[in-house]
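Have a look at it first, then we'll walk through some of its parts.

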Amino acid sequence: MVFEPLIRIENDGGTTPVLAQRVENLSARAMRVWLRTDAAFSDGSAVTAADVARSLESAALKVSSENGSILIESAEATTPVEMRVAEAYVHRQHGGVELGTGPFALVEQDDRHMVLRNRTSVPGHVTTVTLNAYDTAQEALGHLLQGEADVLPQINPRWVEFLDGISRLRIAKLSSPLSNGVAFNTARLSQAERLNLARLLRVRDLRILAFGDGDDCSAPDGELKERQQVRLPERKLEISSFPNIERFGLALGRTLGEHAGDLHIHEPSEFGKFQDFDLLTFRPRASPVTLALEQWRTGAVLASLVRYSNPRLDAALNERDWPAAQRELASDPPFVIVCNIVATAAIDARIRNVASTQFWQSVGSWEVGP
Amino acid sequence: MNRRRAAVTLALLVVFSGVLPITLLAAAGLQLLQRGGERASNAALDAIAAQAVARLSAYVAQQREMLRTLASAVGTEPDGARKLREASLDAPSLGRLRIVTKDSPQADLPAKLSPAQLAQALNGGEVFSPTYTVDLAPAMDACAPTGAPGKTVCATLDLLELQRQVQRIRVGREGYALAFDSTGRLIGAGEGALRASVLSGKPVAESVAAAALARGVPAPRRLHNAEDRDVLAGWAFLQEGLDWIIAIEQPADEALRGAREALIVLGLGAFATLLLSISLGYAQARKMLAGLEMEERFRTAGQLAAGITHDLGHRLAILKQIEQLAATGDPGYLPRIRESLAAEVGTIRRFVADFSDLTREAKPAEFTPVELNAFAHSIQENALAYAAETGVSVEVKSAPASTWIRGDRFLLERAVLNLTRNAIEASPRGSRVLLSVSRDEDLADLQVEDQGTGIAADRLSGLFESFNSTKRTGAHVGMGLPNVRRIVIAHGGSVSVKSTMGKGSVFTITLPAQSSSPSFS
């Protein structure tokens with residue numbers, strides 16, 4: 001809303017210029033951008049190469065200017081440079097205030113609240129946004145119910161009950177980058193076994209059993225309608241899960257039937273510290289596709305947890321050949337996505353034009369009805 | 001009083017004597033109806049609260065029954081722990097199911113059960129805790145016996161469904177339900193803004209009443225809620241297994257809308273009936289008065305005709321006799337004929353004058369000040385000639401001070417002269433007629449007293465009615481005294497008579513006196 005990056009990564013892995021006018025990918029570690037000539041901060045001053053350099057260098061990127069273009073290099077091995085650039089927001093400090101280039105300007109701020117004002121006032125649209133911080137989500141919901149807040153962007157699906165019958169508020173379903181999935185321990189499961197498991201677990205029954213038949217977890221494309229007959233290992237498969245998704249682990253066990261072994265529930269703090277499992281229920285990133293795929297690059301946290309290494313996948317990622325990387329993951333799967341998480345937001349019923357994706361980016365186009 | 005005013009008076013009389021009491025009774029009835037409506041609304045809300053409590057109670061009983069069944073079925077099996085854990089997939093409302101023994105880790109022990117309850121559970125008893133809140137939803141710890149000593153199956157029941165049920169109760173358009181625990185903490189609310197108190201635990205307006213009800217103190221049936229509205233409330237207390245108090249509230253204006261609308265309809269009906277009664281009464285009274293007036297006119301015309309016929313007949317008979325005397329051609333009769341004709345002309349003139357008096361209306365706007373002492377002397381002057389003919393004297397007794405009235409001097413003169421002439425005619429030769437004036441506070445009296453034979457008592461009551469004269473020998477058609485009364489009443493006064501047989505009569509005209517001498521501006 002206030003700050004913008006040079007580029008944005010779309011869900012399909014494509015790159016869209018934001019403050020950049022043109023982008024040239026040099027390698028996985030380097031890219032060149034040309035700054036938009038009309039890029040300006042909220043006080044009207046032009047964005048300079050120096051502003052970009054200062055902003056990106058604070059995100060541990062190396063920046064240098066060459067003949068009107070900006071060369072950006074990343075020293076990190078596991079994350080492509082464009083993803084780092086997409087997460088680095090351009091800003092300038094002026095008079096103790098951080099200026100951004102987005103549609104909103106920060107006009108007031110303390111440790112409990114922040115006031116943003118739309119730089120171009122459009123009648124019938126949101127002009128001012130006040131972000132309030134609460135100690136607990138419960139407290140935030142209480143303020144929403146009392147009419148002291150208009151939007152609660154993320155709400156526990158169980159708490160949706162509290163909004164039932166309140167005409168002042170409506171529920172909005174927002175896409176989330178996370179999904180519910182099952183990771184395979186590649187040290188204990190062969191490629192064929194993992195392929196069979198992936199086919200077995202992409203079933204409607206498991207999704208409904210674990211997450212209900214509501215719309216809090218939507219089926220991924222290509223979900224199988226009925227259970228497949230597949231060959232599974234003769235031994236019982238050990239399942240690990242976490243307290244907040246224990247039911248997912250139980251449902252996974254029931255889906256495996258006689259092949260299900262013990263279910264181990266680990267505290268979140270133990271993540272990455274145990275490997276004595278065959279299957280692990282977890283919440284991998286599902287979008288954008290670039291970040292989702294990068295999770296399985298050799299050496300990444302998730303890949304290390306399930307001891308997954310695939311040189312062909314690494315090569316495809318380096319080449320930015322996302323389809324090839326996806327094909328490689330599908331043929332040698334370290335995981336399977338059961339469903340994509342759908343976030344729940346509570347919004348004042350008068351507010352329209354709330355986008356299900358890019359929620360915050362859409363605030364400027366929100367209309368307020370009578 | 002004209003016919004229109006008489007009709008209005010009669011109609012109002014009907015209204016005040018008949019319709020108004022009925023209306024007042026109806027208003028009292030409507031008030032009772034309103035109170036009855038409130039009692040009925042409270043009773044209905046009580047019934048809904050009782051139904052809600054029964055439903056919630058049944059849900060909790062069902063959960064505990066499921067727990068008992070599971071505990072006895074799998075609690076003693078070797079892989080019971082796993083089966084229990086899997087059972088929570090099919091019965092998510094039972095929460096985390098686990099087998100508890102005396103060696104179980106602290107994390108597996110139900111947090112809200114007392115050590116005594118836990119001991120009771122391990123000895124084969126069924127125990128449960130009060131409700132408490134987990135993740136904003138009500139929950140309850142419960143343990144059911146497995147059948148094996150020292151082993152029990154415990155669960156943390158997820159009672160979110162209860163909250164859901166409470167929230168979904170709707171009464172009318174704005175009525176809702178509230179659920180409290182025995183301390184008065186709000187657990188569930190159908191009203192959206194109150195749900196913030198479910199989250200914060202802050203007491204609401206009804207919390208005190210709910211906590212009091214849990215102690216057996218009756219809860220109020222009408223109260224002021226947190227939104228500053230008057231609400232009617234029905235209450236129910238769920239003691240068996242779930243110490244919840246359910247309040248069903250409905251804004252009073254909505255709850256009593258039916259009764260209020262009935263009251264308005266009835267009130268409008270009563271008002272319309274009142275108007276109809278007045279209109280019908282007015283119309284009917286006018287019609288009736290018109291009939292009566294017509295009848296009265298015919299009767300008056302008849303009486304008048306009878307009197308005129310009688311008197312003119314008498315006059316004709318006399319004129320006939322005079323004609324016969326004249327027909328003799330005897331000059332000796334001429335003086336008698338002349339006297340008789342002069343007398344008859346005088347009589348007929350007075351006859352005509354009497355009728356002429358009847359046609360003159362008293363108009364208060366044209367009244368002028370009249371001083372009664374002077375007026376009495378004026379009457380005396382006018383009557384002296386006639387009195388002298390009959391050998392009667394006329395005297396005046398004045399009031400000590402000037403006595404002013406307002407009136408039509410001509411009409412008053414006609415009235416008093418009439419009484420004076422009657423008094424002279426009734427008086428024997430040598431007696432006197434006394435005109436006396438007096439004043440008492442705001443009233444002035446003018447009395448005409450004779451020393452005649454008096455009037456029989458049975459004639460006094462109808463003396464001022466038309467054609468009631470006993471004197472048919474002169475110009476007396478019986479219009480004199482009625483005309484006197486008409487004139488006096490038109491002046492806002494009254495006329496009365498007292499008579500003693502053998503001693504004479506006293507006619508008294510009473511008129512409103514002026515407080516001071518008038519100014520003749």
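Which residue just after H8(B) takes a positive phi? That's B:Gly329, with a phi of about 70°.

Some housekeeping before going on. This is a predicted model, where local features need pLDDT of at least 70, side-chain atom pairs count only at pLDDT 80 or more, and totals for chains, interfaces and linings use all residues. Residues are numbered from 1 along each chain as its sequence is written, while chains are lettered from A and ligands numbered from 1 in the order in which they are written. On confidence, chain B has a mean pLDDT (the predictor's confidence in each residue, from 0 to 100) of 85, with 95% of its residues at 70 or more. For the complex, the predictor gives an ipTM of 0.75 and a pTM of 0.64.

**The helix.** H8 of chain B covers residues 257–327, 71 residues in total. Helices here are DSSP runs of H or I, at least four residues, and strands are runs of E, at least two, numbered from the N terminus. From first C-alpha to last, H8(B) reaches 100 Å, close to the expected 105 Å; the expected span is 1.5 Å times one less than the number of residues. Along H8(B), B:Gly281, B:Ala285 and B:Asp311 are buried (20 or more other C-beta atoms within 10 Å of their own, with C-beta atoms placed from the backbone).

**Where the chains touch.** The contact takes 18 residues from chain B and 18 residues from chain A, counting residues whose C-beta atoms, placed from the backbone, lie within 7 Å. On the chain B side, H2 (80–90), H4 (160–168) and H5 (195–200) each supply at least two residues.

**Strands.** In chain A, three strands form an open antiparallel sheet in the order S11-S12-S13. S11 (104–109) and S13 (128–132) of chain A are at the edges with a single partner strand each, so one side of each has no neighbour in the sheet. Two strands count as paired if DSSP finds at least two bridges between them. Here are two antiparallel pairs:

| Pair | Bridges | Residues standing opposite |
|---|---|---|
| S11(A) and S12(A) | 5 bridges | A:Glu108 and A:Val115 |
| S7(B) and S8(B) | 3 bridges | B:Leu178 and B:Ala189 |

The hairpin of S7(B) and S8(B) has 4 residues between the strands, and B:Gly184 there takes a positive phi near 95°.

Methods
A residue is buried if 20 or more other C-beta atoms lie within 10 Å of its own, exposed if 12 or fewer, and partly exposed in between; C-beta atoms are placed from the backbone. Two residues are in contact if their C-beta atoms, placed from the backbone, lie within 7 Å.
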